[in-house]
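With the model loaded in your viewer, please follow the stops below in order, making each selection before reading what is found there.

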Amino acid sequence: MKSMHKLDIDLVEMTMDVMKYTLNRISNTSPDLGAPKTETKLLELVGDTITENGIGGEKALSLFKDVLVKATVPVDHPKNFAFVPASPTRASILFDLITSASSIHGAYWMEGAGAIFCENRAMEWLVSLTGLPDTAFGVFTSGGTVANLSAMVTARHTWREKKESRKVLRSLMLTSKSAHSSVKSMAKVIDADVVAIGLEDDKMTGKMVREALAGLSEIDRERLFAVVATAGTTNAGIIDDLKGIAEVCDQEEIWLHVDAAYGGGALAAPSVRHRFNGIEKADSITIDPHKWLFSPYDCGAILYRDMTLAEEAHSQKGPYLSIFKDEGAYGFNPADYQIQLTRRVRGLPLWFSLAMHGTKRYQQAIERGLELAQIAERHIDVMDFVEMVRPVSLSCVLFRRKGWNPEDYREWTYRNHQSGFALVTPTQWRNKETGEHETVARFCFINPDTTQDDIVSVLESMHLDS
Ligand SMILES: Cc1ncc(COP(=O)(O)O)c(C=O)c1O
C-alpha cells in the first residue's frame, strides 16, 4: 500500500495546486463573500469525503475550492464590518504556510529555539507598545480567550500563594458589565465568582471600582483576586479609565488585568495612544494580533509585568518534561507562561510581517482603521436616514437607521450577506435615556483596504431598502 509520507508525483502536483490556490486567494483583493449553507445541504453537495481508501487530494481540494470555501466568509473582505473582522497581511499569510511546513514544536526552547527567538522579537515590540517595564514579557496564545484565562490563572495562583487561608477560599473577580463574554466564561472555567459593575456600554472608572470595593463584605474583599478592565470593548470600542483603575488596584494591592484583545492594536497608533494611559500599570494584558495587528488566525498574546509569577502558575512538571528545564536545553519556554503545552509558533507570521514591513507600516494601517470610523461618522452625520447613537470609539461605529425595528436590521443583514454585497451585523445598545436595549447597526473597521465608497455603499443600502 502507498505510504502517506512518501514523496511522489501526486504530491508534487498537489503542492503546485495548493500553491496556485494560495496565490490566487492572496492576490484577490475582493474575494467572494461566502454565505453559510446547512450541513445537510453541504453534505448533499460534496458527498462522503472520509472513506476507507480516500477520495484523492485533487477531488478533496476541488470540493473545498468549488463548494466548501464558498460557504465561508473571508474575514478580510473589504465590506466585512461585522464583529471584529481581520485583515492578515499577505506576508503573514505566506509565513503561516512556512510555519506549518517547518513542523516546529513551540512549547520549549529545546525544540523551537529559532522560531521562539522570532516570536520573542515580535513580543518585545508588543511589550514596548504598552509601556510595561523592561522586565515585562509575554507569550503568544491561540487568542484572547486563552490569554484572558492564562492571566486569570496566574492572578489567582499569585493571590492564593500569598496566604495559606486562601487555599480553601473560593475566589472572586471584579469586572465591568461591558467586559467581553470570554472574561465571564473563563471565570467559570476557573470556578471563580464574578462581580460585574457599572452599566453595559459604559466606561468603568477608578471611582466605580473604589466604590465597588467599599461595598464588598469583608469576606468577599478577601476573596477578590483580580480586577479586569477593558481597553476597547468589543461592542463599542470603549476604553475603561485605566489610569484611575490602576491607581485603586495599586493602593489595594489587587491584580489588574487589562483585556485589550481588540483595542490593543491601537496602542501603536499615536492619534489615540494617550487614551490607553494607565495600561503600563497593569499586571497582565491581553492583545490579539489576529484582530488589529493583521496576523492570520489564530494568534493572541498574554503579557505579564512579572513573568516569574506566570511561570509559577503555569509551568508543567513531569518525568518526560524535565529535560526541557535542563541547563543544556534551557531557554525561553513559552509553555511555562500560559495554559497550553504543545503549541504552534503562532507568533511567527506576525514576526515575519513585522520584519518585512517595519513597525511604521503597522502604525499607518491601524491609523487607517481609525480614520475609516471617522469617515463613516461624517457620512452618517449628513445622511438624513441614519444617526449616530454615540461618538465613534476606536474603530467602532454605532448608528441607528431611523424608523427601523429589529426585524428591519435583521433582514438588511441577511440581504446584504446572501447577495454577496457586505457583511454588516446589528448589535444591541443600551439607550442611556430610556435604559432600554435597542437594536442598532454597527461597523468595526480593521481592513485598511476598505474604501470610502465601500462605506457609503453600505450606508446607502439602508436607504434603498426602506
Ligand atoms: C475585548 C475582547 N476580549 C476577548 C475576546 C476573545 O478573543 P478570542 O476570540 O481571540 O478568543 C474578544 C473577541 O472579540 C474581545 O473583543
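Begin by selecting T451 together with D454, where a polar atom of the D454 side chain lies 2.9 Å from the backbone nitrogen of T451, a polar contact in the sense of a pair of N or O atoms within 3.5 Å, for which, within protein, one atom must be able to donate a hydrogen and the other to accept it, and residues adjacent in sequence count only if both atoms are side-chain atoms. This is a predicted model, in which local features need pLDDT of at least 70 and side-chain atom pairs count only at pLDDT 80 or more, while totals for chains, interfaces and linings use all residues. Residues are numbered from 1 along each chain as its sequence is written, and side-chain values use heavy atoms, with hydrogens and water left out.

D454 itself sits in helix α17, residues 452–464, where helices (H or I, at least four residues) and strands (E, at least two) are DSSP runs numbered from the N terminus. Because its relative accessibility is 12%, D454 counts as buried, the classes being buried for under 20% relative accessible area, exposed for over 50% and partly exposed in between (1.4 Å probe, protein chains only). Show next the residues that D454 touches, which, not counting those up to four places away in sequence, are P78, K79, F81 and D449; contact here means heavy atoms within 4.5 Å.

**The ligand**

Select the ligand and the 14 residues around it, of which G144, T145, T234, D259 and D288 come nearest; a residue is taken as near if one of its heavy atoms lies within 4 Å. Which side chains place a polar atom 2.5 Å or 2.7 Å from an oxygen atom of the ligand? The one at 2.5 Å belongs to T145, and the one at 2.7 Å belongs to T234, while a polar side-chain atom of K291 lies 3.2 Å from a ligand oxygen. The protein covers 84% of the 390 Å² of accessible area that the ligand has on its own, as computed by the Shrake-Rupley method with a 1.4 Å probe, only the protein chains shown counting as cover for residues.

Colouring by element shows that α6 (144–162) and α11 (289–292) are the ones giving two or more residues to this shell, and that the largest share, three residues, comes from α6.

Move to K177, in the loop between β2 (172–176) and α7 (181–189), which counts as partly exposed because its relative accessibility is 39%. A polar atom of the K177 side chain lies 3.2 Å from the backbone oxygen of G198, and, leaving aside neighbours within four places in sequence, the residues in contact with K177 are K184, A196, I197, G198, L199 and E200.

In α7, select S182, V183, M186 and A187, which are buried. Seen down the axis of α7, these buried residues fall within an arc of 145°, and so line one face of the helix; the arc is that of the directions from the helix axis to the C-beta atoms. On the other side of α7, S181 and K188 are exposed. The elements that cover the buried residues of α7 include α6, β2, β3 (193–197), β4 (224–230) and β5 (255–260).

**Backbone stops**

Most residues other than glycine have a negative phi, and most peptide bonds are trans. Just after α7, D191 takes a positive phi of about 55°. F83, in the loop between α3 (57–68) and α4 (90–101), has a positive phi of about 50° although it is not a glycine, and is exposed at 55% relative accessibility.

**Last stop**

Finish at I279, in the loop between β5 and β6 (284–287), which counts as buried at 0% relative accessibility. Apart from residues up to four places away in sequence, I279 touches T130, L132, L242, V258, A260, L267, R273 and I285.
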